Amino acid sequence: MVENILEMRNITKAFFGNKVLDDVTLKLQKGEVHALVGANGAGKSTLVKIMNGIYGGYSGEIIIKGEKVQFRNPFEANRKGIVMVHQELDLAENLDVSTNIFLGREILDKGKFLDRKSMYKEAQQLLDELNFPINAYDVIESLPLSKRQLVVIARCVSMDADIIVFDEPTSSLSSVEVHELFNVIRNLKRRGVSIVYISHFLEEIFQIADRVTVLRNGQKIITELVSSCNTEKVVEWMIGHKQKASQKRTTSNAGEEVVLSVRGLTHATAVTKDISFDLHKGEILGITGVVGSGRSELARMIIGADARASGEISVGGKVVNINAPSDAVSLKIGYLPEDRKKEGLILERSIEDNLVLAVLNEYTKNGFILFDKVYDLAAKMINRMHVKCHAPTQRVADLSGGNQQKIAIGKWLCSESRIIILDQPTRGVDVGAKEEIYQIIKELSSQNAAIILISDEIEEILNLSDRIKIIVKGEFREELDNRNNNYVKADLLAKMVSTDESA
Amino acid sequence: MENDKKTSKKRLRLNYEYIVILIFAVFFLVCVIVAPVFRSWRNFSNLLAQNAMYGLMAVGIGFVILIGRIDLSIASTAAFTGIFSATMFVREQFFLGIIGGLVIGCLIGALNGLIITKAKIIPFIATLGTQVIFRGLTLIITNGYPVYGIPKEYNIIGLGKIAGFFPICAAIWIVCLIIMQIVLKKTKFGQYVYAVGGNERSAWLSGVNTNKIIIISYVISGFFASLGGLILLLRVQLANATAAEGYELTAIASCVIGGIAMEGGKGNIIGTFFGTLIMGMIINIIQLTGISSYWEKAVTGMIILGAVGLTTILNHRRK
């Protein structure tokens, strides 16, 4: 019988009445690499955040080495030997490696001053022991991303961690760096450390993990030895058998005319490389890929919010120069950002102020706003999109998530955009609002607007898109013609999570 | 039905944005009770006239604070343009003095705006820099000597009264206040000011030329700084290199008491009127009641914290 170092029993967690984890049990053995997989939103992050004391307010219990624990914050989890390597490496970039390794646990000399000499010495010893090619004196800023990750891992080891959680550690690493990381993980395993490994890339799991636990819609589906399952099986567990076809769009409205043409678009930071595609009148082009695949950067590059290193954009057959979002707006290109609160809306302002923001020029006379016209437009839009509110003068901050999202989309309906880029249009909205947003998207397409739909939700990509582009690590992998309904969720997911070029 | 709801919602917003009027009323009442002199129009009109220059500066810097930024250079701007205007006045170039002073104020504002948007220096540092530069230039130009000898008849702007009872400088203040409130509430520019202050990223992604809005706001701030400086000049009848020192803090405090949020996007220009008067009344009442004037600063500080604290509490309870 192998010893369970950590048991999470019957964990249930809800956000605002919305169950994200439902009776999940996870058992972690000493010295194993345990992979945690599931589609976006399956509850992986929530589960490990509970494990790390970031989230409280759950039901169920956590047992470490036979002792029942309840963490109030991540520090308490650290003290019990659980540490997490976050996707965003939480290092103080202005400080050097040894200072970061000992942050919060500094070595002091007799006079209670920092004993830098000992800290450097110990840090270097540890780095050498782990075979990390890093100098303890290096400032974090000067290190490439892959080395920063090693610093975080070294810090975890120096904390005498028994359990290290890796959240998407390879999303920004090259294949050589991934290979090196796996050596590190095997090394940690030999030291008796247990690893929880979250990744979208299933191949990695078969390379590194001993066991895999699959989550779907907040429920645990199975925990299985990796050696006794394969990719197809895991994908099947991730998505289930049910395939709802009810919302599937039946008619395509895609025309022949190319309204937007993109050639060789490369992001200034190279997160996307050499992207080319055409978008047709009335078409819905779905773009999907895992978190960090570069899909949002692609959208921001098209509208001029992110700088591009190279590439050309044509609108209506003419090459255009888009250097700022205002250029895109005047070309009638609308953009719904991924994060509506941070980027999409001005929360403290009213519904009408938000709706009319992109077309205020058309609603002013001699610089003065035509308030009656604005009010009528807002009222019309509220009606059309079924926004639940008291009046167009209501503050957007007081609306529910779904209604806020409708306002953020409505801004581009008010501006009568001919090309609309939607990044995660249904993220964080309830089911009812979701359906209504789908309806709006279909309506826009039938009115000949061309739409780029970027989404995590494979189902909505399948249900709405005419064509689907899959983006993996910043490059378009494959294009699927979706008009004949011949793809299912599993096909898409398998293509998204594969790192193999030929898949 | 629909209309009913519209007005009730509007009223709710009014209550919150104009809370400063309530604070002002209470304060005023207290003053009237403790100091009988306070009941006279003469005292009140003096209060208006004395605070016009602060109030005008607050109108301008109000726009900068509304876009979520700061301007520490306004008092130096007032002193610098004051020297120019005074020199022109001494040569009996009245209109050149006025127009030239205001234009220089706008240029200094534009310089601030350009440094902030193009060189990307944070507003606090950028305007701290220009504050010291223009104060220094003023000292260099004047060699430390005041400029005086302004023709007596020019002082009508600073000290004269309309129909013998309403101070001209207060009238200028109130007219500017109303115009700028209309600009803020009724024009496209005003709407963009709220958008940039409320969520700059979102405004930019919606196609708003945010840099332009930022630069114009600083130009407005510079304009009203020089206008405030002109009023000061025509009240004291001489220009001094050290004139208006520290006035930027009074103007900022007036905005904050008047309900403009330092993080931007919330508040209005009318509020600065009451904010300025509350600040002025503190000094006024301390003088009238014979309390040591040493108390002035401490009490002012407490009022700033009290007024802002009250607004913050009310704002949070709403959420």
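## Domains of chain A

In this predicted model, the domain assignment divides chain A into domain 1 (1-81 + 161-241), domain 2 (93-160) and domain 3 (282-306 + 324-496). The C-alpha centres of domain 1 of chain A and domain 2 of chain A are 27 Å apart, and their contact draws 10 residues from domain 1 of chain A and nine residues from domain 2 of chain A.

On the side of domain 1 of chain A that touches domain 2 of chain A, helix 6 (residues 175-190) of chain A provides the largest share, three residues. Sorted by class, this side of domain 1 of chain A, where it touches domain 2 of chain A, comprises five nonpolar, four polar and one charged residues.

Gly81(A) sits in the loop between helix 2 (74-79) and strand 6 (82-85) of chain A. Because 19 other C-beta atoms lie within 10 Å, Gly81(A) counts as partly exposed, given that a buried residue would need 20 or more.

When residues up to four places away in sequence are left out, Gly81(A) touches Asp160(A), Ala161(A), Asp162(A) and Ile163(A). Gly81(A) is also 8.9 Å from Cys156(A), C-alpha to C-alpha, although the two are 75 residues apart in sequence.

## Contact between chains B and A

The contact between the two chains takes 24 residues from chain B and 27 residues from chain A. On the side of chain B that touches chain A, the elements giving two or more residues are helix 1 (2-17), helix 9 (188-198) and helix 10 (200-205) of chain B, and helix 9 of chain B gives the most, with six residues.

By class, the side of chain B that touches chain A has seven nonpolar, nine polar and eight charged residues.

## Helices 12 and 13 of chain B

Within chain B, the axes of helix 12 (residues 247-257) of chain B and helix 13 (residues 270-289) of chain B come within 7 Å and cross at roughly 120°, which means that helix 12 of chain B is oblique to helix 13 of chain B. Helix 12 of chain B passes helix 13 of chain B in a crossing that is right-handed.

To this contact helix 12 of chain B brings Thr250(B), Ala253(B), Ser254(B), Cys255(B) and Ile257(B), while helix 13 of chain B brings Thr272(B), Gly275(B), Thr276(B), Ile278(B) and Met279(B). Taken by class, the contact of helix 12 of chain B with helix 13 of chain B holds five nonpolar, five polar and no charged residues.

How values were computed:
Residues numbered from 1 in each chain as written. Chains lettered and ligands numbered in written order. Predicted model: local features only at pLDDT ≥ 70, side-chain atom pairs only at ≥ 80, totals over all residues. Axes fitted to C-alpha atoms, helices over the stretch in contact; angles between N-to-C directions. Helix = DSSP H or I, 4+ residues; strand = E, 2+ residues; numbered from the N terminus. Parallel < 35°, antiparallel > 145°, perpendicular 65-115°, else oblique. Left-handed = near helix turned anticlockwise from the far one by under 90°. Contact = placed C-beta atoms within 7 Å. Nonpolar A, V, L, I, M, F, W, Y, C, P; charged D, E, K, R; others polar. Buried ≥ 20, exposed ≤ 12 C-beta atoms within 10 Å, placed from the backbone. Domains from an automatic or database assignment.
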